[in-house]
Amino acid sequence: MNSIWTEIEANAKQWMKEAGEKIMTSFQSKLHIQVKSDRTDLVTNIDKEVEAFFLQKIKEEYPSHQILGEEGAGHHITDRQGIVWIIDPIDGTLNFIHQKRNFAISIGIFEDGIGKLGMIYDVVQDELYHAIKGQGAFLNEQRINPLQHVNLQESMISINASWLVPNSLVQTENAIQLVETVRGTRSIGSAALGIVSVVTGRMDAYLSMRLAPWDIAGGLILIEEVGAQACDLEGRPITFPKSTSFIVARPGLSEEILGILKKNRNS
């Protein structure tokens, strides 16, 4: 195992735990909430404080590394060169505000465009999912077993209600057929937790119409390490994170899902 990545993982774990403590402490204080693009796209003072905390720690320990944060901290990333930290300080901010649970801290670290380390921390459950490329995926310190294929009819998928109203990506009838075909559906409200629900086998697939780099960066290495498959709605693999439609599923299942969603789309 490359010692530099072992060191980075150890530091990131410690910072994740410290950030989690800050978030848990914040439950006792009043949140300051701001609207970003619309009334469902919110940011709190805690999102910003946690992101600033990571920025300070990374700059102190790894001054040559670049940082891309959801709330604007860090650098403007224009290429794939060097080591880049992609951070979502609170993935599932609506859940954080309304439920005080079902949110996570997500960090993905890339070197020259290749994912090297992924971490997702479910703060309230104290569950830290982490993986170094090629070394397997772990929940806390327990290895997560590789995933096996299941039939679509026997699967449970994570998908929200927006798929069932008219949209520009899929025909409503196809989305309805998908929901009718699978065994069951759930909606988590956090991309990071949606991804780890598939990584751990709790769900068989997770779908989103549009995710930003920080939504998925922390999960991409975890996905690889358990043999899951990630792609966009065109079936193209996810590369260096950019805003994209997103499907992650057990081996072979994404093809079945896309077969339904793309049916008669151009007719």
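Trainee: How do the residues that line the second largest pocket divide into nonpolar, polar and charged?

Mentor: In this predicted model, which numbers residues from 1 along each chain as its sequence is written, local features need pLDDT of at least 70 and side-chain atom pairs count only at pLDDT 80 or more, while totals for chains, interfaces and linings use all residues. Side-chain values use heavy atoms, with hydrogens and water left out. The lining of the second largest pocket holds 10 nonpolar, 4 polar and 3 charged residues, where Ala, Val, Leu, Ile, Met, Phe, Trp, Tyr, Cys and Pro count as nonpolar, Asp, Glu, Lys and Arg as charged, and the others, Gly among them, as polar.

Trainee: Which residues lie nearest the centre of the second largest pocket, and which element gives the most to its lining?

Mentor: A pocket is an open set of points on a 1 Å grid over the protein atoms alone, where a 1.4 Å probe fits, with protein on both sides within 12 Å along at least five of seven lines, and lining residues have an atom within 4 Å of a point. Here 17 residues line the second largest pocket, and those nearest its centre are Leu220, Glu224, Pro237, Ile238 and Thr239. Two or more lining residues come from each of β6 (114-122), α6 and β13 (229-231), and the most, 4 residues, come from α6. The space in this second largest pocket is about 260 Å³, a volume being the space filled by probe spheres set on the points, which are joined across faces, edges and corners.

Trainee: What volume does the largest pocket have?

Mentor: The largest pocket has a volume of about 1,000 Å³, and among its 38 lining residues Thr40, Gly189, Arg210, Leu211 and Asp215 are the closest to its centre. β4 (83-91), α3 (93-98), β12 (205-211) and α6 are the elements that each give two or more residues to this lining, with β12 supplying the largest share, 6 residues. Sorted by class, the lining of the largest pocket contains 13 nonpolar, 15 polar and 10 charged residues.

Trainee: How many helices and strands does the protein have?

Mentor: The protein has 7 helices and 14 strands, these being DSSP runs numbered from the N terminus (H or I and at least four residues for helices, E and at least two for strands).

Trainee: At what angle do the axes of α5 and α6 cross?

Mentor: Two packed helices are described by the angle between their axes and by the distance between those axes. For α5 (residues 191-199) and α6 (residues 213-225), the axes come within 8 Å and cross at roughly 10 degrees, which makes α5 roughly parallel to α6. Angles under 35 degrees count as roughly parallel, over 145 as roughly antiparallel, 65 to 115 as roughly perpendicular and the rest as oblique. In this pair Ala191, Ala192, Ile195, Val196 and Val199 of α5 meet Asp215, Ile216, Gly219, Leu222 and Ile223 of α6, and the residues of this contact comprise 8 nonpolar, 1 polar and 1 charged. Contact means heavy atoms within 4.5 Å.

Trainee: How are α4 and α7 packed?

Mentor: Helix α4 (residues 172-181) packs with helix α7 (residues 253-261) at an angle of about 140 degrees, their axes lying 8 Å apart, and the two helices are therefore oblique to each other. Asn174, Ala175, Gln177, Leu178 and Thr181 in α4 meet Ile257, Ile260 and Leu261 in α7, a contact with 5 nonpolar, 3 polar and no charged residues.

Technical notes. Axes fitted to C-alpha atoms, helices over the stretch in contact; angles between N-to-C directions.
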